[in-house]
Amino acid sequence: MTDNYEAFKAQILSLTKIDLHAYKERQMKRRIDALIAKHKIDSYNVYVETIKKNPVMYEEFINYLTINVSEFYRNPEQWNLLEREILPYLFSKFGNQLKIWSAACSTGDEPYSLVMLLSKFIPLSRIKIIATDIDKQVLSKAKLGLYNIKSLKGIPDEFLSKYFHEINDKTYQISDSIKQCVEFKHHNLLKDEYPSHCDLIVCRNVLIYFTEEAKDDIYKKFNQSLKKDGILFVGSTEQIIQPQNLQFITHKSFFYRKM
C-alpha cells in the first residue's frame, strides 16, 4: 500500500468501531492487504473512502475481517466432556435454568449445538441461549439456519435426524424448535457491555486472532460476566496459561471456573 497502516487503523476504528490494534498485526494486515488488492486499490485512504460509499464493500470488509470459520460440534471430544461432566456440574450448582452466552457465535453452529445438547437434559421450552457476533452478515445467516452438509459432520446422528430437514444433498435447514431457543445479537467484544450473571460462556477459536493484551482484557470481562463458579469454555488452541492471574481455575482442559 502507498500510505500508512497506522492511520488506516485509526480510520477503521472511527468508521466501524473495530480496533485493529487489538488484533495480531502481521496476519491481519496481510489479510486486509489481500482484500484491498483484490479490488485493484493500492491506497488505504482510497479504500476507506470507497467502503464509506459502497455498502456492499463495507459489509464484505467486516465479514472478511472477522474470520468466520465454524461447524457444529467442533472438536467432538470437548462436547462429550461438556455433556458428561460440565453440564451436570452446572445443573448441580445453578439449577436447570442456565444462563448461557455463546460469544462470537459466527453462523450459529455453536449456539445451536448447545441447544441440541441441552435438550438431552431439559425441555426445549426451558432453553435460552444468548448468541452474539460483531458481523451482522453472519448473524443473518445464523437466523436463517441453512447449513452445508460439511459443517454438520460432527453432529450426533440422533440430532441430525431429529432437528434438521434436508433441502438437497448438500444443504440442510435446522428446525424452528431449535432456532427459537437462541437470541442473536450484534456485539463487539472489544467495546460493548457484556451480559451479566452467566452460568456458562462459550467463546471458541476466536481469541487466537487477538493480541495478548486484548485477550487478557476479554478474559477479565468474561470473568466479571460469570457467576461465581461459572464456567468459561474456550477453543482447542486457546488454553489459558496462568488462569489464576485472571481469577480462573482450570476445571477441565479448555474449561475454566471462576474463582
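The largest pocket has a volume of about 230 Å³. This is a predicted model, in which local features need pLDDT of at least 70 and side-chain atom pairs count only at pLDDT 80 or more, whereas totals for chains, interfaces and linings use all residues. Residues are numbered from 1 along each chain as its sequence is written, and side-chain values use heavy atoms, with hydrogens and water left out. On a 1 Å grid over the protein atoms alone, a pocket is an open set of points with protein on both sides within 12 Å along at least five of seven lines, a cavity is a set of points where a 1.4 Å probe fits but cannot get out, and lining residues have an atom within 4 Å of a point. A volume is the space filled by probe spheres set on the points, which are joined across faces, edges and corners.

The lining of the largest pocket consists of Glu212, Lys215, Asp216, Tyr219, Thr237, Glu238, Gln239, Ile240, Ile241, Gln242, Asn245 and Leu246. By class, four of these residues are nonpolar, four polar and four charged; Ala, Val, Leu, Ile, Met, Phe, Trp, Tyr, Cys and Pro count as nonpolar, Asp, Glu, Lys and Arg as charged, and the others, Gly among them, as polar.

The second largest pocket holds about 150 Å³. It is lined by Thr16, Lys17, Ile18, Tyr58, Glu59, Ile62, Ile134, Lys136, His186, Asn188, Lys191 and Asp192. Four residues of this lining are nonpolar, three polar and five charged. Helix α4 supplies the largest share of the lining, three residues; helices (H or I, at least four residues) and strands (E, at least two) are DSSP runs, numbered from the N terminus.

The next topic is helix packing. Two packed helices are described by the angle between their axes and the distance between the axes. Axes are lines fitted to C-alpha atoms, for helices over the stretch in contact, and angles run from 0 to 180 degrees between N-to-C directions.

Helix α4 (residues 55-65) packs with α2 (residues 25-38), their axes coming within 11 Å and crossing at roughly 150°. The two helices are therefore roughly antiparallel, given that angles under 35 degrees count as roughly parallel, over 145 as roughly antiparallel, 65 to 115 as roughly perpendicular and the rest as oblique. The crossing of α2 and α4 is right-handed, meaning that the near helix is turned clockwise from the far one by less than a right angle. In this packing, Met28, Arg31, Ile32, Ala34, Leu35 and Lys38 of α2 meet Glu60, Phe61, Tyr64 and Leu65 of α4, contact being defined as heavy atoms within 4.5 Å. The contact has seven nonpolar, no polar and three charged residues.

Helix α4 also packs with α3 (residues 44-53), where the axes come within 5 Å and cross at roughly 115°. That angle makes α3 roughly perpendicular to α4. Tyr47, Thr50, Ile51 and Lys53 of α3 make the contact with Pro55, Met57, Tyr58 and Phe61 of α4. Six of the contact residues are nonpolar, one is polar and one is charged.

Helix α2 also packs with α1 (residues 5-16), at an angle of about 80° and with the axes 13 Å apart. These two helices are therefore roughly perpendicular to each other. Their contact joins Tyr5, Glu6, Phe8 and Lys9 of α1 to Glu25, Met28, Lys29 and Ile32 of α2, comprising four nonpolar, no polar and four charged residues.

Two loop residues remain to be described. Asparagine 75, in the loop between α4 and α5 (76-94), has a phi near 60°, a positive value in a residue other than glycine. Serine 106, in the loop between β1 (100-102) and α6 (109-118), has a positive phi near 55° and is likewise a residue other than glycine.
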